Each structure stands twice: as structure tokens, then as C-alpha cells.
Amino acid sequence: MTSVLTITLNPAVDLDTSTAEIRPGPKLRCSTPRLDPGGGGLNVSRAMAELGGESLALVAAGGAMGVVLAKLLAGTGLPVRIIEAPGETRQSVAVIEDGTGKQFRFIFPDRTGPRPTSQRPSPRSQR
């Protein structure tokens, strides 16, 4: 019986790679990328499994990246329940510069939910 439920409402498909040097201008040749399922709850479920524990990961995923995420999760052996969500599951890219070990992280915005605005609400609209 599983006693821990992890919930990941904003999962990601994480792409990790490396290159010799990161600099502007030329195309940068990278190593073969690795795709991993990401998100807080999924990370907890993976850590629990590595420590011998059990959990059920509840994951909200949508769009083409949601399909990719589901395939990645199927290969982990983790007990997972996927709930279809509107919009597109987010993506992230991490590139390690081999010479320095520095990591450069790029997070693409998801295409769901409200967008931040620079406008402040007027005092009347707050009543």
C-alpha cells in the first residue's frame, strides 16, 4: 500500500546537455541530450524510490510535451497517475560548459494560466 501521494501541477520535460564553451556567435555543438521528467513532486517520488520508499505521483500534463512526459515517466518504473491538463507542459534546457562546469539554465514559459502584467490595479478595483 502506498502511503505518500506527490502532486506535480507544473511538471516539465528537462533537456540536459553540455558543450565545450558557451559564447555568442557561432553554433555551439552539444553532447547528446538527455530528457528527464521534472517537477517538484516527481523529484520527491524519484528520491523516495532511490531510498527504498514508495509513492504515487499525481501529475497534470498537457499538449505534445505532456505526451513526451508520459513516455518518459513510463520508463521510470514509478507509480504514476497522469491527469490531462489544458495547455502545454513546460520545457527547460540546461547546458553545462565543459571547461568551467558552469550550468546555464533556460526555462520556457508554459502557455497556460494568467500572464503577469506591469499594470497595477486601481484602488477602486480593489474594493
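Tutor: Helices here are DSSP runs of H or I with at least four residues, strands are runs of E with at least two, and both are numbered from the N terminus. The model is a predicted one. From the N terminus on, its elements run β-β-β-α-β-α-β-β-β.

Student: How many helices and how many strands does that make?

Tutor: The protein chain has 2 helices and 7 strands.

Student: Why is Ser-92 called buried?

Tutor: A residue counts as buried when its relative accessible area is under 20%. Ser-92 has 9%, so Ser-92 is buried. Its place is in strand β6, residues 90–97. Leaving out residues up to four places away in sequence, Ser-92 touches Val-13, Asp-14, Leu-15, Phe-106, Ile-107 and Phe-108.

Student: And what makes Gln-91 partly exposed?

Tutor: Buried is under 20% and exposed is over 50%, with partly exposed in between. Gln-91 stands at 30%, so Gln-91 falls in the middle class. Gln-91 is also in strand β6.

Student: Which residues does Gln-91 contact beyond four places in sequence?

Tutor: Gln-91 is in contact with Val-13, Met-65, Phe-106, Ile-107 and Phe-108. The C-alpha atoms of Gln-91 and Phe-106 are separated by 8.7 Å, with the two residues 15 apart along the chain.

Student: How do you know that the buried residues of α1 line one face?

Tutor: In α1, residues 40–50, the buried residues are Gly-41, Leu-42 and Ser-45. Looking down the helix axis, these buried residues fall within an arc of 100 degrees, so they line one face. In general, an α-helix has 3.6 residues a turn, so residues three or four places apart point the same way. On the face of α1 turned away from the buried side are the exposed residues Gly-40 and Glu-50.

Student: Against which elements do the buried residues of α1 pack?

Tutor: They pack against β1 (5–8), β3 (34–38), β4 (56–61) and α2 (63–74). After α1 comes Gly-52, with a positive phi near 95 degrees.

Student: What makes β1 and β5 edge strands?

Tutor: They belong to an open sheet of 3 strands in the order β1-β4-β5, paired in parallel. β1 and β5 (80–84) each have a single partner strand, so one side of each has no neighbour in the sheet. Neighbouring strands of this sheet are turned by 20 degrees against each other on average, direction ignored.

Student: Why are β1 and β4 called paired?

Tutor: Pairing takes at least two bridges found by DSSP. β1 and β4 are joined by 4 bridges, so they meet that condition, and they run parallel. Thr-8 stands opposite Val-59 in β4. Helix α1 packs on this sheet, touching β1 and β4, and its direction makes about 145 degrees with that of β1. Helix α2 lies across β4 and β5 and runs at about 160 degrees to β4.

Student: What makes a set of residues a nonpolar core, and which residues make up the largest one?

Tutor: The members must be buried residues of the nonpolar kinds, joined through side-chain atoms within 4.5 Å. The largest core has 8 residues: Val-13, Leu-42, Ala-57, Val-59, Ala-61, Met-65, Leu-69 and Leu-73. β4 and α2 are the elements that give two or more residues to this core. Val-13 touches residues including Met-65, Leu-69 and Ser-92.

Student: How much of the protein chain is buried?

Tutor: Buried residues make up 26% of its 127 residues.

How values were computed:
Residues are numbered from 1 along each chain as its sequence is written. This is a predicted model: local features need pLDDT of at least 70, side-chain atom pairs count only at pLDDT 80 or more; totals for chains, interfaces and linings use all residues. Side-chain values use heavy atoms; hydrogens and water are left out. Buried means under 20% relative accessible area, exposed over 50%, partly exposed in between (1.4 Å probe, protein chains only). The arc is that of the directions from the helix axis to the C-beta atoms. Contact means heavy atoms within 4.5 Å. Axes are lines fitted to C-alpha atoms, for helices over the stretch in contact, and angles run from 0 to 180 degrees between N-to-C directions.
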